[in-house]
Amino acid sequence: MDIATLRDKHADHWMKACAIRALAMDAVQAANSGHPGMPMGMADVATVLFEKHLKFDASAPRWADRDRFILSAGHGSMLIYALLHLTGYQDVTLDQVRNFRQWGAITAGHPEYGHVSGVETTTGPLGQGISNAVGFAMAEESLRARFGAKVVDHYTWVIAGDGCLMEGISQEAIGLAGMQKLGKLIVLWDNNNISIDGSISMSDVTDQRARFAASGWKVISCDGHDPEDIDRALTAAKGSDRPVLVDCKTHIGFGSPKKQDTAGAHGSPLGPDEIKATKAIYGWDHDAFVIPADILKAWRAIGSRGAAARAEWEGRMAALSPARRAEFDRQMSGTAPKKLAAAIRAVKKEASEKLTKVATRKASEMVLAAVNPVMPETIGGSADLTGSNLTKTADLGIFTPANRKGRHVHYGIREHGMAAAMNGMALHGGVRPYGGTFLCFTDYARGAMRLSALMGVPTVYVMTHDSIGLGEDGPTHQPVEHLAICRATPNTWTFRPADLVETAEAWELALTTDKTPSVLALSRQNLPTLRTTHTAKNLTAQGGYVLAEATGKRRAILMATGSEVEIAMKARDLLEAEGIGTRVVSMPCMELFAAQPEAYRKRVLPAGPVRVAVEAAVRQPWDRFLLGERGTEKKAAFAGMEGFGASAPAERLYAEFGITAEAVAAKVKALL
């Protein structure tokens, strides 16, 4: 549809859409940075969506039963900022729009969760938003099954671009969504055929419509600039029992005389002259950042349209029993149930009494068997390694289209898609997601794991087979650098528990935080219970603590994590037998130990004794505690990996790589 026809036939719609376009052009120009073309091209689709289909109330951004809107094509962030400002979200003021991409403004270059009400997830890394959306839709299905459609009944809408669909994670996401028949997930594809380098045909020949159809999606098409056709397509999309792709054929930089349909409209300002010419074509005769009162009033009416639906929902909530309403609110808030602490204590006490010897992956399963019955909001899963990760407990059932009350997801071999979907679940609210794969395959989930930390959502990554101790699968599967990578990521807790007790404590911390993702690095090989005296206190919360003290004068401190704590304890026995007083420090979470007051850290790691760290991984993260924290180069050593592993039984590998009690004791004596 051409602009002249749009202006003539759909005058009211046209001017509302032009308000989005004008703000996008003006803000990008003022910042001298940004992406104006995508908001200009998708303004018509967004206007129809917000005016006629999206269930939201701008005065209540966190209303639990709102539709979720996700801008997966996050580079077009001025689209969502313009929409939020125009519809009346209180924090997205005109000053915030004026200060787009500037220091201190909430209107960042790409939308960031937690900065702006109405931004449901951090997008920008392409493919993440559409993949998060799968988790949003899964959370909605799960909650609706638990609480009923009178309480939970909403859609997840996504605007995705060509770049989102080219990223490999998108196939993982759409395959999962199609298999799960997520009928309340609707993706609006900004089909403008342009990327940064130029025409999509330069880099891709994929038939996206056929691809989505082959993955189990319903596919609909529309003219992305014809409001009647857009409305038809969106109406049809809402009647599907499968996820829907709406192919919205658009023009990037719509209306720009020189830059429409070119890469020049993608990632740079149009320039004052081009903006002036484009606004003239639009019939938009207003200064920069000026929205006429009548148009703003129309948009504010759109923003308040959902107030009636919200009031009706609040009435239905009020009709619930107080206990039911309180439980819904608890789950949506992310607050752990009071029964969790008692469940964790019971696991710890039994382990200390029975001296259970199990792999920490098995220990994790035992903890989950106690936790899942008291936390109905947990949804577990595995990237096709359920029998290895041990993420499924007997009571969960399988989450499928036929059983939305099931709480274990078969993600298939989709580590990255799984991680991104879990982020979406956590962001939606009402779900505590955890999912498993091998620690080595954090490589495949890394993009979403980083965003967990950046957004501050408590996704739990159950990463088993955490060292060369997995044995015969060899160096392709033996993680050596992955603990260092996880520990290097800000706002991430990397737990490597030594036994069942520490595993229980790690799970308690992971399930009670509200702003930090957790990585549980768990062993394949059996480990003894080392915490033989039960204590209700969560010692893992301190990050590191004295597990065994020197019996005489303290001359050495051994620090270790996970399966190597047992080795450190055996080395201590050898050293103590020779009269060398040795303390063992278990360090299940370096991040939490580093956050402790200096006085506590000084008590655990005092100056004077020699120090040896023991971990079947690379040394890199250990130098803070070997050389810093009152340590010195002359009194420090490391027993661990210097390169990749090898294929052999675990016992042989530990011996060959010098990670044994005897080797650790020898390092101590050499330092002394």
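Here is a chat about strands, ring pairs and a few single residues in a predicted model.

Colleague: Great. Is strand β12 mostly covered or open?

Modeller: Mostly covered: β12 spans residues 460-464, and five of its five residues are buried. Buried means under 20% relative accessible area, exposed means over 50%, and partly exposed lies in between, with a 1.4 Å probe and protein chains only. Strands here are DSSP runs of E with at least two residues, helices are runs of H or I with at least four, and both are numbered from the N terminus.

Colleague: Which way do the β12 side chains point?

Modeller: Val460, Val462 and Thr464 point one way, Tyr461 and Met463 the other way, and all are buried.

Colleague: And which strands does β12 pair with?

Modeller: One is β11 (residues 432-438), parallel to β12 over five bridges, with Tyr434 opposite Val460. Another is β14 (residues 518-522), also parallel over five bridges, where Ala521 stands opposite Met463. Pairing requires at least two DSSP bridges between the strands.

Colleague: What handedness does the β-α-β unit of β11, α19 and β12 have?

Modeller: Right-handed, with helix α19 covering residues 442-455. That label applies if, with the strands pointing away from the viewer, the path from the first strand over the helix to the second runs clockwise.

Colleague: Switching topic: how many aromatic pairs are there?

Modeller: The count comes to 18. Rings of Phe, Tyr and Trp (its six-membered ring) pair if their centres lie within 6.5 Å; planes under 30 degrees apart are stacked, over 60 edge-to-face, and the rest tilted. Take Trp14 and Phe254: their ring centres are 6.4 Å apart and the planes stand at 80°, so this pair is edge-to-face. The pair links distant parts of the chain, 240 residues apart, with Trp14 in helix α2 (residues 11-31) and Phe254 in the loop between β7 (244-249) and α11 (272-282).

Colleague: Are those two buried or exposed?

Modeller: Trp14 is buried at 1% relative accessibility, and Phe254 is buried at 3%. Elsewhere, ring pairs link Phe50, Phe56, Phe69 and Tyr89 into a cluster.

Colleague: Nice. Where does the charged end of Arg21 sit?

Modeller: Over the ring of Tyr282, 5.8 Å from its centre. Lys184 likewise lies over the face of Tyr155, at 4.0 Å from the ring centre. The rule asks for NZ of Lys or CZ of Arg within 6 Å of the ring centre and within 35 degrees of the ring normal.

Colleague: What about the open sheet with β16 in it, what is its strand order?

Modeller: Five strands run in the order β16-β18-β17-β19-β20, with mixed pairing. β16 (545-548) and β20 (636-641) stand at the edges with a single partner strand each, so one side of each has no neighbour in the sheet.

Colleague: How does β16 run against β18?

Modeller: Antiparallel, with three bridges joining β16 to β18 (residues 581-586). Val546 stands opposite Val585 there.

Colleague: Last one: where is Gly387?

Modeller: Gly387 is in helix α17 (residues 386-389), and it is exposed, with a relative accessible area of 62%.

Terms used. Residues are numbered from 1 along each chain as its sequence is written. This is a predicted model: local features need pLDDT of at least 70, side-chain atom pairs count only at pLDDT 80 or more; totals for chains, interfaces and linings use all residues. Side-chain values use heavy atoms; hydrogens and water are left out.
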